[in-house]
Amino acid sequence: MELIESIEKYRQATEEFISTASKLTDAQLDAAKDQGWTARQVIHHVADSEAQSYARLRRLIVEPGTQIQGYDEAAWGENKTLGYEELPIQISLDVFKAVRASSLEILKRLTVAQLENSGFHSEAGEYSIRTWLKNYINHPMEHAEQVRSGL
């Protein structure tokens, strides 16, 4: 993985997700296919995932060997208190933008050697910054495509 190229892909993935999510109408936000999540739920999920990624990246940089805790994404998406089904998306988009912008600045400071810093993910096992970067390039892109395809 070329670090500079991956950083650019990370930036592009951010723009792609924001562009896709920002164009949705209220009807599109709340439509679901096959009892799956709505676009609204997906957007809230992506913001929460990015909030997790923010801490994970920093821990992998500063505390190699750290424990990376997974979480039950489905339970978060269905939890009434978290409001994935009804809350406006703007705050989640703002969280997504802010977290991605902050992480992008850190990625620009990474060395190639730091890509190998790793910890142990409770669900995925060995988890390096290289893995983190690949995952968080792909994650918003996959969800942007999911939203564009009507879920």
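Me: In which sense do β2 and strand β3 pair, parallel or antiparallel?

Reply: The model is predicted, so local features need pLDDT of at least 70 and side-chain atom pairs count only at pLDDT 80 or more, while totals for chains, interfaces and linings use all residues. Residues are numbered from 1 along each chain as its sequence is written, and side-chain values use heavy atoms, with hydrogens and water left out. Strands (E, at least two residues) and helices (H or I, at least four) are DSSP runs numbered from the N terminus, and two strands pair if DSSP finds at least two bridges between them. Over four bridges, β2 and β3 (residues 125–128) have a pairing that is antiparallel.

Me: Which residue of β3 is the bridge partner of H121?

Reply: A hairpin of three residues joins β2 to β3. Within this pairing, F120 is bridged to E126. For H121, the partner in β3 is G125.

Me: What covers the buried residues of α1?

Reply: Helix α1 (residues 3–22) has 20 residues and spans 29 Å from first C-alpha to last, close to the expected 28 Å, where the expectation is 1.5 Å times one less than the number of residues. Buried means under 20% relative accessible area, exposed over 50% and partly exposed in between, with a 1.4 Å probe and protein chains only; among the buried residues of α1 are L3, Y10, F17 and I18. With contact taken as heavy atoms within 4.5 Å, the cover includes α3 (39–62), α5 (90–107) and α6 (129–148).

Me: Why does L133 count as buried?

Reply: L133 lies in helix α6. The C-alpha atom of L133 is 12 Å from that of R58, 75 residues apart along the chain. L133 is buried because its relative accessible area is 0%.

Me: What is the volume of the largest cavity?

Reply: On a 1 Å grid over the protein atoms alone, a cavity is a set of points where a 1.4 Å probe fits but cannot get out, a pocket is an open set with protein on both sides within 12 Å along at least five of seven lines, and lining residues have an atom within 4 Å of a point. Grid points are joined across faces, edges and corners, and a volume is the space filled by probe spheres set on the points. The residues that line the largest cavity are G77, E78, N79, K80, G83, Y84, E85 and E86. Its volume is about 40 Å³.

Me: Which element gives the largest share of the lining of the largest pocket?

Reply: The largest pocket holds about 250 Å³ of space. Of its 15 lining residues, the closest to the centre are R56, E73, Y127, N135 and Y136. The elements giving two or more residues are α3 and α6. The largest share, five residues, comes from α6.
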